[in-house]
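Open the structure in your viewer and keep the sequence panel beside it. This tour tells you what to select next and what to look for there.

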Amino acid sequence: MADVFTVLANDHAEVKRMLTELEAGSADASEASVQGEEGRRRRAAMVERLIIEESKHEAVEEEYFWPAVRELVEDGDRLADHAVEQEQSAKEALDELMRLEAGDRRFEELLANLITDGRAHIAYEETTVWPALRRVIGDERAERLGERLERAKRLAPTRPHPHTPPKPGVLKTAGPAVAAADRVRDKITGRGRT
């Protein structure tokens with residue numbers, strides 16, 4: 001079973017790959033004549049995939065990872081508060097991106113900021129938070145936490161919910177219903193199939 005750091009590292013690697021791909025397409029996205037309708041559709045599908053993966057990732061971090069950091073790390077509240085603030089900002093940007101068209105100026109500006117902020121958030125977790133948690137978490141607990149994250153991601157919301165408080169109790173209570181509603185909406189609309 002993968003420990004918490006392996007699970008999160010795999011998520012981060014996938015997100016970084018998506019960010020790089022989206023960034024590479026940014027130059028073409030601003031010129032509709034270069035990109036064309038098919039290019040905009042591909043770009044919209046990539047952003048949709050990013051929104052789905054980030055929504056699941058952040059939901060399970062807020063439900064399980066950040067509470068562990070708060071409990072185990074000496075300065076855990078400060079570290080978690082900063083990260084959750086970054087995640088909240090990302091959820092607001094992802095929520096807005098869902099309502100915009102790929103190639104639109106606001107879409108591209110928001111996406112460019114999200115790419116920059118996303119990389120900064122990942123770096124913060126990997127270089128500041130993870131080393132602090134590694135020093136205090138045992139192997140068995142790290143594996144149990146990784147297992148919880150993996151299990152929770154399968155049932156996590158697929159859309160950002162910036163107005164849902166990032167509190168573990170709220171997420172554990174409301175999360176399953178919100179996630180079920182997201183999945184029904186996804187099925188009806190065909191979202192996430194591309």
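Helices here are DSSP runs of H or I with at least four residues, numbered from the N terminus, and strands are E runs of at least two. The model is predicted.

**Stop 1: the whole chain**

Show the chain as a cartoon. How many helices and how many strands does the chain have? Six helices and zero strands. Walk from the N terminus and the elements run α-α-α-α-α-α.

The chain exposes about 10,200 Å². Carbon and sulfur atoms supply 51% of that area. Of the 194 residues, 43% count as buried. Next, think about contacts between residues at least 6 apart in sequence: 78% of them join residues at least 24 apart.

**Stop 2: the largest nonpolar core**

Select Val4, Phe65, Trp66, Val69, Leu79, Val129 and Leu133. These residues have the most contacts inside the largest nonpolar core, which has 26 residues in total. Which elements give two or more residues to this core? Colour them one by one: α1 (4-29), α2 (32-72), α3 (76-98), α4 (105-134) and α5 (139-153). The largest share, six residues, comes from α2.

Here is a general idea to keep in mind. In soluble globular proteins, nonpolar side chains tend to be buried together.

Zoom in on Trp66. Ignore its neighbours within four places in sequence. Trp66 is then in contact with Glu61, Leu79, Ala80, Ala83, Val84, Glu87, Glu125 and Val129.

**Stop 3**

The structure holds 21 salt bridges. Start with Lys153 and Asp11. They form a salt bridge, with the closest N and O atoms 2.5 Å apart.

Is Lys153 buried or exposed? Lys153 has a relative accessible area of 15%, so it is buried, since buried means under 20%. Asp11 has 13% relative accessibility, so Asp11 counts as buried too.

**Stop 4**

Move along α1 to Arg17 and Glu14. Arg17 forms a salt bridge with Glu14, and the closest N and O atoms are 2.7 Å apart. Both residues lie in helix α1, three residues apart, about one turn of the helix. An α-helix has 3.6 residues a turn, so residues three or four places apart point the same way.

Check the exposure of each partner. Arg17 counts as partly exposed, at 41% relative accessibility. Glu14 also counts as partly exposed, at 33%.

**Stop 5: from α4 to α3**

Select Arg106 and Glu96. They form a salt bridge whose closest N and O atoms are 2.9 Å apart. Arg106 is in helix α4 and Glu96 is in helix α3, ten residues apart. Arg106 is partly exposed, with a relative accessible area of 37%. Glu96 is partly exposed, with 26%.

Now find a group. Salt bridges that share partners join Glu37, Glu38, Arg40, Arg41 and Arg42 into one network.

**Stop 6: along α4**

Where does α4 bend? Look at Glu125: the bend there is about 30°.

**Stop 7**

Use the distance tool between C-alpha atoms. Take Arg49, which is found in helix α2. Arg49 counts as partly exposed, at 28% relative accessibility. Arg49 and Met18 are 31 residues apart in sequence and 8.6 Å apart in space.

Tyr64 counts as partly exposed, at 21% relative accessibility. Tyr64 and Gly146 are 82 residues apart in sequence, and 9.4 Å apart in space.

Definitions and conventions: Residues numbered from 1 in each chain as written. Predicted model: local features only at pLDDT ≥ 70, side-chain atom pairs only at ≥ 80, totals over all residues. Heavy atoms only, no water. Core = buried A, V, L, I, M, F, W, Y, C linked by side-chain atoms within 4.5 Å. Buried < 20%, exposed > 50% of the residue type's maximum accessible area, 1.4 Å probe, protein only. Contact = heavy atoms within 4.5 Å. Areas by Shrake-Rupley, 256 points an atom, 1.4 Å probe, with all protein chains shown as cover. Salt bridge = Lys/Arg side-chain N within 4 Å of Asp/Glu carboxyl O. Bend = angle between axes of the 7 residues up to and from the residue.
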